[in-house]
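Here is a short tour to read alongside your model.

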Amino acid sequence: MKKDIILAGVGGQGILSIAAIIGYAALDSGLFVKQAEVHGMSQRGGDVQSHLRISDKEIASDLIPSGKADLIISIEPMESLRYLPMLSDEGWVISNTTPFKNIPDYPDINEIYNIIKSLKRSVLIDADNIAKELQSPKSANMVILGASIPYIGILFEKFEKGINSLFGKKGEELVKLNILALKAGLDAVKN
Amino acid sequence: MQKLVLLGDEAIAQGAIDAGLSGIYAYPGTPSTEITEYVQRSKKANELGIHSQWSANEKTAMEAAIGMSYAGKRAMVCMKHVGLNVAADPFINSAITGANGGLIIVSADDPSMHSSQNEQDSRFLGKFAMLPILEPSNQQEAYDMVHYGFDLSEKLKVPVLMRITTRMAHSRSVIERNTEVRQQNKINIPEDSHQFILLPAIARKRYKKLLQDQVIFEKESADSGFNKYFDGKDKSIGIITSGIAYNYVMENYPERIIPYPLLKITQYPLPERMILKMYEECSELIVIEEGYPLIEENLKGFLELGIKIKGRLDGTLPRDGELNPNIVGIALGFKDQKGPEIPEIVAQRPPALCNGCPHIDSFEALNEAMSKYSAGRVFSDIGCYTLSALPPLKAIYSCVDMGASITMAKGASDAGLIPSVGVIGDSTFTHSGITGLLDCVNEKTPVTIIILDNSTTGMTGGQPSAATGKIENICKGLGVEEEHIRIIKPLKNKTEENIRIINEELEYNGVSVIIPTRECVQTLNKRMREKLKK
């Protein structure tokens, strides 16, 4: 088993929480994990990505080789396209539909959707709306994560445990909301 | 044994705590910041009374660490690669004084300049100082090598440099931790009371000893077990690789079986016998190292005698920028792989100042005030506010090194470019701006210095600033005239007033300091969130 995952978004959107939960779920499943993060200057409203590698064999490189990523999980639609050169022939793109517009020349969003839909394997999901319906607008990243679970190949329960471990200190209510969002994301791709 | 998931930086910090550290000294700088932050957050480190407060800059950090080593205790000092330039004076001299308690300097290089103004390779400064260098390639090695590094430092009686790079610092993996925390050293000043007095007569002796000891350092490199020689059947080429680059080599062989002999360098000086063995049994060599071609240059020499050596110098690998598995794969003769191209429609998303950032209001007022002069008069510095160079603000014309805004404005003013303006952040000012401002005061140079006071070290994640609450008094103490120290509030509704004040000071024929004071929105939000929790 090997899954090389690019997590994409804009600084502050919460890709590191997603990374931490997948990392927890993978370790709890007895897998090896390596995860390269971006800190510093690029975090200020710029594009950010994290390389997350999980495998049943020891992992060598901290960076995913280009053309080898099994998954691009993106909290922002345009950002999902920035890492296409990383994607393998069999790879999936799972992206949120809500654009994050902090630049003057943000392209036509419908064109972005069309490109994502034209990819061999892609899933577009309106995570912000699903999160809002759950009265938990800040959990959009957990909806995206939930939608990615079938493609990651780790049991749902492991992710629940991951959420517990990451948000446990911040209270039961937050844990519950995030697990609901996770479930809603999973259900959205199942249907 | 305990398993932990840690960043490379955190593994170093945990390693130091477990190896009997007494104090860590640092100034924040990407990608090194998380080492010190980890010690600051560690309950164990607090229980043990390990010093972990930020220093004013890398030089003061390095000197304090030398002082702790002098007193017999184990000290670590951490910085980004360009920070080692700031600390270069005490660093180079510490090789001559030697260490007493174990002393490790961690320098985190940033190849490809993700968050830096150059991509210099700290190994060159380590070699220049003639000190042993450790270069771990994964988190476990980083953890283990800190313990070894302290032992090595105490055994050889010299400081040890640990060099890491961005991908080592900011990559997370599982480490096995030794839960037996070693006791800290007791106070024990050096036996030789002259050791730390670098008067010429003493320094000459100490320097000769450092030169003689190089053989011992090299023997340690060959024998410690961290440098590893792996045999391979195919001798048509031998691979020499180091640090994080080793991982990229291995990535290209999914079964982890390399057909060629491979030498993994993790400790310097270079282990001569291992390199000679490879030289003798292979037809050519390829050197794969992250950063500058240090190993390659050492092997190749000026005359290029002997077998062919491939690497960054002959174009087998790019001369600049960080490596990755693909670049290394191509150099090893594999076909490159790539997914679809990035669609043209994808726009650049450069980093930007945050919404509500006080710097935006400061620069908008400054831009307006400067609009009546010709362009190119605003010198700036290292921090979030460097982003004001980009559109829409396009407010500044320089960013060279910590503190250079003030001194460059002075030089330009001396040249006759009046008014000249220096824009510097509060933490950068106390890091390296104070002495430059003193130069201005001593000559009554016509400059306008703007010290952006947001009460934090913003760019690296909001560490406390050594300047908070002190800037006005520091300026007064340096001799800036009180009526030309102007404190303003960078807010939209104060813009008119702020422009008027900046204009008045631009016209003053002497040193003016304007201090726009408003808290960073990031630290403000964080404070508010924590308050709500309570």
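## Where chain A meets chain B

Strand β2 (residues 32–36) of chain A runs antiparallel to β7(B), and 3 bridges join the two. Strands here are DSSP runs of E with at least two residues, helices are H or I runs of at least four, and both are numbered from the N terminus; two strands pair if DSSP finds at least two bridges between them. Within this pairing, Ala36(A) stands opposite Ser171(B) in β7(B).

This is a predicted model, in which local features need pLDDT of at least 70 and side-chain atom pairs count only at pLDDT 80 or more, while totals for chains, interfaces and linings use all residues. Residues are numbered from 1 along each chain as its sequence is written, with chains lettered from A and ligands numbered from 1 in the order in which they are written.

## A sheet in chain B

Chain B also holds an open sheet of 5 strands with mixed pairing, in the order β8-β10-β9-β12-β13. Its edge strands, each pairing on one side only, are listed here.

| Edge strand | Residues |
|---|---|
| β8 of chain B | 228–230 |
| β13 of chain B | 308–310 |

Inside the sheet, β9 (residues 238–242) and β12 (residues 284–288) of chain B pair in the parallel sense over 4 bridges, and Ile239(B) stands opposite Ile286(B) in β12(B).
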